[in-house]
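Me: I would like to learn how to read a few features of a protein model. Please take them one at a time.

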Amino acid sequence: MSNWIDVSAHNGVIDWACVAASGVTGAILRAGYGAEASQQDAQFEANVKAAATAGLELGVYWFHYADSVERMLREWAVCKKI
């Protein structure tokens, strides 16, 4: 059985070693939101590094506001860049 969590900057600084020790096996990390690279999640880089170091499986998502195909493609391009 897998136990995963969803985290973003809203969760603050996370003790990933403690998370892994609790039985959590993976994390879905918010990379950011919107159509600008400046909207990268403030904790994303730290979360990716620390969660991977703790041995967790990782997934990434980009919270979007797209209301058109054009906007969706712009947001997707920013997510890939991050």
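Me: Is R71 buried, exposed or partly exposed?

Reply: Buried means under 20% relative accessible area, exposed over 50%, and partly exposed in between (1.4 Å probe, protein chains only). R71 has a relative accessible area of 24%, so R71 is partly exposed. This is a predicted model, where local features need pLDDT of at least 70, side-chain atom pairs count only at pLDDT 80 or more, and totals for chains, interfaces and linings use all residues. Residues are numbered from 1 along each chain as its sequence is written, and side-chain values use heavy atoms, leaving out hydrogens and water.

Me: Which residue forms a salt bridge with R71?

Reply: A salt bridge is a side-chain nitrogen of Lys or Arg within 4 Å of a carboxyl oxygen of Asp or Glu. Here the partner of R71 is E75, with the closest N and O atoms 2.5 Å apart. E75 is buried, at 2% relative accessible area.

Me: Why are E75 and R71 separated by about one helical turn?

Reply: Helices (H or I, at least four residues) and strands (E, at least two) are DSSP runs, numbered from the N terminus. E75 and R71 are about one turn apart because they lie four residues apart in helix 3.

Me: How many salt bridges does a search of the whole structure find?

Reply: The search finds two. One of them joins the side chains of R30 and D41, at 2.8 Å from N to O. That pair links distant parts of the chain, with R30 in strand 2 (residues 26-33) and D41 in the loop between strand 2 and helix 2 (44-53). Both R30 and D41 are buried.
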